Structure formats: C-alpha cells, structure tokens
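Trainee: Please take a close look at one part of this model for me: the interface between two of the protein chains. What holds the two sides against each other?

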Number of protein chains: 2
Amino acid sequence: MSKASVYDVAREAGVSISTVSRSFTSPEKVSAKTRAKVMKAAEAMNFTVTHTAASLKTGRTFRAALLVGNERLDWFGSLVREGLDSILHPAGYDTSIYPIGDSEEQEHFFAELPIRRNVDLVFVSSFDITSKETSRLSSINVPIIGINVESNHDLDGSVKIDDAKGIQLAVNHLLTLGHRNIAYMHISPKSSLHFSSLNRLQGFLEACRQWPEPVKTELIKLQPGQDVFSSFISQLQSMESRPTALCCQDDSVAIPLLFKLNRFRLTVPGNLSLVGFDDSTYADKIGLTTIRQDPFDLGAKAGSLALEFLKKTPPKNPYITLDTQIMIRNTTAPIEDTRPLDKWACNS
Amino acid sequence: MSKASVYDVAREAGVSISTVSRSFTSPEKVSAKTRAKVMKAAEAMNFTVTHTAASLKTGRTFRAALLVGNERLDWFGSLVREGLDSILHPAGYDTSIYPIGDSEEQEHFFAELPIRRNVDLVFVSSFDITSKETSRLSSINVPIIGINVESNHDLDGSVKIDDAKGIQLAVNHLLTLGHRNIAYMHISPKSSLHFSSLNRLQGFLEACRQWPEPVKTELIKLQPGQDVFSSFISQLQSMESRPTALCCQDDSVAIPLLFKLNRFRLTVPGNLSLVGFDDSTYADKIGLTTIRQDPFDLGAKAGSLALEFLKKTPPKNPYITLDTQIMIRNTTAPIEDTRPLDKWACNS
DNA sequence: ATGAAAGCGCTAACAG
DNA sequence: CTGTTAGCGCTTTCAT
C-alpha cells in the first residue's frame, strides 16, 4: 500500500509528526537514535514524502519549466534538456517541457501563464520570444534563464555561445589554409529566422572582410526540404568564379552534402574544403571539420545559474557566453592540395 | 504579483471560494453569468490554479515519470519523450525523466522509490529492468507502461515494435533481390545487452534460415567506439566467401560505414547492398535503405494508453506492438548489379 | 446554483 | 532534541 503518511510513521516510530518530517528535511536537527527509529518505520511502511504537500507549505514546487519552440526537439534541444536535468534533478527539481509553438499556442501561453505559481524556475531555450513576452513572463516572479536566446532583456541569467565568433574560427582556418574564395551555405532565413543563423551568416561575412587580403565570398541559399547537393551544384553554375571552400550553417547541411559529394566522386577536401557547425551526431565518425558547441554544457550551466538564484546569492555575472572550438578533421586542406573547383563542377 | 489565491478572486468577484474553484474545475456547475464574473476577476488578478494545492485534495499529482537508462538520450529516447509529451501535456500532465543508470543508482531508486505518491503515471523506456524491479515498482499503485521493454510482466500496458519482424523485412528484401550471402553487423552484445539488439540478431539468423534456398550468413562484431569501416574491412579478410549484402543493427552503424565506403570508392550498392535499421536522422537525406520505426508514435501510444487507465476504463488490449516498415532507397540493388565483393575488398 | 466548513499531508514557528 | 499547533491553497461534501 502506498498510503503511509507522516502520521502513520510517527505512530509506528513512537514520535511526533514533526520529528518524522524533520528526519527527512533536516536530519541534523534530530538525534541519530530517533532518526534511525523513524527511518526504520518509514522503510517498513514504504513511506515517501509527498512533494505536493510539502510544496504547499514551503511555497517551493521543485518544478522547472523549459520553454522551447515547437520544432521537433533536435540534437541541440535534447542535449540542452539533458544538461539541465543533470544539474536540476539531483537538486530535487523536475523539469518539464512546454512547447510554445505556433503563434496561437504562444499567445495563449503568455496570456494564461499556466506555469505561474507552479514552477520555481523558468528556462527559455532558443526560440523567438518577443521582449513583450519575456517581460510578461517575468511577472511570475521566478528566475528566468535564457539558453541561446538573443537578448538578455528581462532575463535573470543566460547562457549562450557566440555564433559569429564560432564561424570566424572556421573562416580563419580556411583563410590560413590559403583559401580566398569561400562560399557560405545557409537555409533561407525567411523560413527560419533564428537569430543564431543570422549571426553566423554575418559572422562569416565579417570574418572574410577583416582579412588583410581580398577574399571572394559566395552565398548559397537553401530552401528548407530542398536537396542540399542539387542546390549546391545548381548555384555553382551561376557563380563567376568557383569557391575552393565551403562553410555550412550547421552540420545538418554539411553532412548530407559531404555524403553526396563523396558519392558522386567529388572529393573533399580534394576539390573542396568543407566546414560544418555544431559538432553534432556523426561529425566525429565521419571526420567533418566543424565548430564545436556543447548544448549539454549550455543546459548544465543554465541549471547551475538557476540554482544560484534560488540560494538568494545572485551570481555576480549571470550572463554567460561559452566558447566554441574548431575541430579540425578530414574535410579541410591547404589550397595547394585543392584542385580548382571548375574542373569538375560543370559536367557533373 | 503572483500571489492571488482563490480567496482574492472570490473577494474580487463577490462570490465564495467554492465558486471560484468550481469555475475552474467543473465550469458546468456554475451559472454562465457567475463564471464570467469569476473569470474576469481571475484574469485581472493573474490568477492561476496552484496544482500542488489541488493535488493535495484530489490525490492526483498530474505528474508522470519516464524511467530511462542512463545512456545519453539518443534519437530514440528523445523522440519517445516527445511523443509521450504530445499526449500527456495537453492532458495536463508534466513528464519528468528519471535516469536510472548505473546499478548503484538503480538500486537506490528502487529501494527508495522516490516517485511513490509523487506521480500518477510511470513509463519505463527500453532499459534493462529486472522483473523484481518491475514488481517493486508496481507497489506504488499507479499505471506502469513499458515502452520497448522485453517482458510485459507486471506492466499494466506496453508499446513496442517487433525487432525480429523488422529485420526480417530487410532480409527478405535482400533475398528477393537475389542476395544469398548476407552479413550482419552488430555491436558486441557483451557491452550493450539490450534485448532489442539480441532480437534483431536472432531475427536475422532466423529469416535467413527460413528461406527455401541455402543462404550464407556472416556475423561482424563491432566493439563500441571502434571504427566501423576498419572493423568491416578487417573482418572481411577472414571470411571464406564475401557477402554481397550487409544488414546493420541500426542506422548509427550503417551511416558511418556507408560514408566511409563512398569515400574510399567502394560503391554501394555497386559492390555491396546495405540496409540499416531505425530510419533515423540523415537516413532519408542520404538515401539509406532501412527499416523504419517511429519512436514518437511509440511514446504517443504509450501516453494514450496511460490516460485510458486513469479513466478507470482499462483498455481491452493494453499490450501494443507497432509495425515497422521497410524504406527502400538507394543502398540496395539486385544481385546482378552487384560486382563480387572480393574484387575490391582485399586490396583496399 | 451557491456557500460554509472540513480537511488533503506536510512544514515551521513556537514551546517546552 | 522533541512535541503542539497553525496553516499552505485548494476541492468537496453537505447544507441552503
């Protein structure tokens, strides 16, 4: 039976209910002997503290909400979640996901704010939340931590990476290898106007511009759902000069492309140096040079940050930017090793 | 302020707290006019029902626990979670993950059963739980649903796929294409003795055996972390005859292998037909023939099942097996199109 | 249809 | 160190 309450345990152990309660919540306030008695009785009766009842008294729910966009939780989202949980769960917090998807759903959520008084902590992960919404969110009076969101406005804390700096790592690697004609492939921003895509694109352009020698850049747009390889080959035709290197917005475009290139005998890095972004699934096994970010760590850092707020010792700097790192593997090579791209692009 | 309670709303609306409560929990028991008043006041004061307080009275926590192994939540796990949430969240349930990892953690969890009286629903997803544990779990007296677990013992319901049947689909496809020498590549079971790997392996063997003509089979073992391609090539050397087709335990071994094969100019399906399992990330974009399962659906079905139990209308058949499907793409071809494997395998 | 009142199971003063 | 007591915010009979 799962019906034992503090009263039952108290009776069984021959103590008062407060002693039972204390044995669980602040063991140091109970003599070892008494506690032992209590614990024994509790065990025998399969007693467990009911969180919901405790919440009522303490005002803490030990719940956290993770707000995400309604896209399928991808590589990034799942890892963020895990990182968060890795910190929060041991601290006694349960995290649930609140998908804030289409704008109707979103409107409803922010109007009702169903999490008000039901969570102690709110995390907002990389979705396009307006500042009006954040400010409304802040009315629930619990710490709000952003994970990979653009602005820190009305956020108690945030953890993010510097996308522009990341792509700069990629560009500089290519420039150092001697490449002077570099393309950037990205998903058409009209459909997914996530700021981090924008930052990567701008970071790419900026990094090329800053190089002392002239660097030629080409932009390749991808419609969502469109075949990466076909788009690449098609848009190559209309370029006046062919790039020797290609930066991709993220691994999820680089990997299928790399795959098709291999399949159609276009060698990488022989014909083209290729860089991804994320260091996500398969990047390592496949040998893709890419920019590494660690979503698990983003989540974990966000969790720790949040816990600090709860301790009433507000962290000195609650706005964290994590470093990215370039993982140099087998898809980039010096320009000397690269045959001119136009040798093959036209008749493929 | 987030402090409005039923009392505040009652005062504001000029009604009793019971009326406020009823307006939210059973609106039909309140006259439309009164309800309107209540709702207006509630809105004005940003009132939201506090779940924890409600739980205390109703005995329902509106929480669910998803027990998983401690491996990183992968493609499968994340999708199961999402599917579960897609049903449970709209029904008012919050799901949190309880990683039951190393055996110490596991022991502690099952000894303490910290979720007792704290969740209304328990899901157990694909990890190796012993029947003793399941039975202990069932002592908490809430519906327990298995997702992709082997035995239904002590489980109120379960949702799974038939792994053996799935791999059979793959084998029969290859046999129909004329292949009579088929290899199976799997991760060494000593490290991950998940039953579904075992079922796939056995299903493979069984399917080959059942074919009216003699079929030669080869088993290729993979140590976790070991390079797939190197293992493949190495073990090929010691085979007396070379397979023309290869079934992989799952896409996560097929994809890197396919990639390396392409890179090293070993054509698929020209030299070898290749089949994966899962239809996971990139399988589609890359054109991998594979067996499709839908973890999202597994989760969703599990969620619906659980909800039925809560309605006190136990579903007639709570043990569901979902179908798998073969996705025929570009990595399999008739035997006539396949050059003998030994033409290239030895000098690569 | 509405209100009064009694807890749900726990924690946290406050006493002793 | 331990016990008594008063709620936390809600739901739910039971009256009216």
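Mentor: Across the interface of chain B and chain A, 27 residue pairs are in polar contact, both residues at pLDDT 80 or more. A polar contact is a pair of N or O atoms within 3.5 Å; within protein, one must be able to donate a hydrogen and the other to accept it, and residues adjacent in sequence count only if both atoms are side-chain atoms. This is a predicted model: local features need pLDDT of at least 70, side-chain atom pairs count only at pLDDT 80 or more, and totals for chains, interfaces and linings use all residues. Residues are numbered from 1 along each chain as its sequence is written, chains are lettered from A and ligands numbered from 1 in the order in which they are written, and side-chain values use heavy atoms, with hydrogens and water left out.

Now the elements. On the side of chain B that touches chain A, α4, α5 (75-88), β2 (94-99), α11 (251-263) and α12 (283-286) of chain B each give two or more residues. Helices (H or I, at least four residues) and strands (E, at least two) are DSSP runs, numbered from the N terminus. α11(B) gives the most, nine residues.

Next, salt bridges (a side-chain nitrogen of Lys or Arg within 4 Å of a carboxyl oxygen of Asp or Glu). There are two between chain B and chain A. Arg63(B) and Asp94(A) form a salt bridge through their side chains, 2.8 Å from N to O.

Last, extent. Contact (heavy atoms within 4.5 Å) links 60 residues of chain B with 59 residues of chain A.
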